[in-house]
Amino acid sequence: MAAQSPTADAPDEAPEELDRKHPVDEKLPPFKMFTSGLQHVAAMYAGVVAPPMIVGPAVGLDAKDTAFLMGASLFTAGIATLLQTIGFWRVGARLPFVNGVSFAGVTPMVAIGRDRGYDGIAVIFGAIIVASVLGFVLTPYFSKLVRFFPPVVTGTVITLIGVSLLPVAFNWSQGGNSTADDYGSMKNIGMAALTFVIVLALRKLLRGFLQQIAILLGLVVGTIIAAPLGMTSMDAMSEAGIVGFPTPFHFGAPQFEIAAIISMCIVMLVCMTESTADMLALGRIVDRPADERVIEGGLRADTLGSAISPLFNGFMCSAFAQNIGLVAMTKVRSRFVVAAGGGILILLGLCPVAASVIALVPLPVLGGAGIVLFGSVAASGIQTLATAALEKGENALIVAAAVGIGLIPIAAPQFYHAFPEDLLVVLDSGISTGCIVAILLNLAFNHLGGKGRAHEETSPEEAGGKVDEPAAVH
């Protein structure tokens, strides 16, 4: 709170000064800010453009309109990231939190807009706007669920986040397009393996700031090696324009259909659940635990960013877990670095030719680096589980059951193929199913009944005493 009188100024400035010194609020020199922010963009670029690449053709858009969707997704991801990192009022987690297009919405969006062209996109955008506004209203209530996310739950979910992302890296390592002739070829996998080794070697050999941007350097080196092998394409650069603003309502005014709105409301709840788990994970990693207020601000940024996104032809936005792995690995905890990444995303959305430069990085190169990144997320989850008092009560059983259920969509992707399509929004996400199981079992074993109360008091207390431990290891 602001000081009420001149005599109170001195005492009040001490905690404020301490807050400024926290690594999360640290402002790095401009060059370090830019390169570290660029590294975040490189880590999440493919994840941002992949959903519009899938949805565009599915609804019947041509290559030009699909490219427009990709640029709009970059632009809106930048806006959502700035809302999270810088924020205003009670909006924003103010953590190094990257936001981008959520994969959770791809399946329902394709179902809503398939072969409907511009009308299909307009219906998708209308459903996203309604779901996001409802999510914004529900945020204060949803954030109160944080008490049901002790280390036994958050550790399980963080581990599942990392494990769930690894198949994405494996797919990139094989080439990204399963219909291509060279998908899974020795050249693609060899390039991914070489990049993997380069990143590890750079992390081992370099020191200081260069070690922090080892992922970015690994991507550059890998791309340079891949170029003479014919694995990079200049087509995207040659066809891209210098300036391309995502004109509001390019595909027409939003349309509102009840079934589409219900589907996207389910997606929004999934995104809010995953974002809550991501914020808890990131809070531990940066040594600023996410409390109810932080989660409320973060969810407000998620939902507000998602509500604004369709105005500029973008999709629903949520947290990008792969960037949490980057924070854990590089130890660069400044939210302003990620804000710089958000600024870069906005510029890429406004300058297609600049965006195409990052697109030069072959997917196998990105996959090799992604294995390290996503593995770091899983490692952070395992460290959190180390504080979860697994020897007490049924905590080990909670982890076993939640991880087992969460691995189903990863280990057996067709497991739920006979279920209703609306349910697949949740069931096809190992993060969502594992999180739900962990929460329900923790509620049953550690919150209900007299015996459960003892575990409820013991586990968080022990975790609280060790909260710095998982954050110290990256």
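Predicted model: local features only at pLDDT ≥ 70, side-chain atom pairs only at ≥ 80, totals over all residues.
1. Next, the geometry of the pair. Helix 6 covers residues 151–174, and helix 17 covers residues 395–406. Their axes come within 10 Å. The crossing angle is roughly 25 degrees. Angles under 35 degrees count as roughly parallel, so helix 6 and helix 17 are roughly parallel to each other.

2. Which hand does the crossing of helix 6 and helix 17 have, left or right? The crossing is right-handed.

3. Now the cysteines. How many disulfides does the structure hold? The count is 0. Cys271 is in no disulfide. The cysteine sulfur nearest to that of Cys271 belongs to Cys317, 9.3 Å away. A disulfide needs the two sulfur atoms within 2.5 Å.

4. Cys317 is likewise in no disulfide. For Cys317, the nearest cysteine sulfur is that of Cys271, at 9.3 Å.

5. Are these two cysteines buried or exposed? Buried means under 20% relative accessible area. Cys271 has a relative accessible area of 2%, so Cys271 is buried. Cys317 also counts as buried, at 2% relative accessibility.

Key:
Residues numbered from 1 in each chain as written. Heavy atoms only, no water. Axes fitted to C-alpha atoms, helices over the stretch in contact; angles between N-to-C directions. Helix = DSSP H or I, 4+ residues; strand = E, 2+ residues; numbered from the N terminus. Parallel < 35°, antiparallel > 145°, perpendicular 65-115°, else oblique. Left-handed = near helix turned anticlockwise from the far one by under 90°. Buried < 20%, exposed > 50% of the residue type's maximum accessible area, 1.4 Å probe, protein only.
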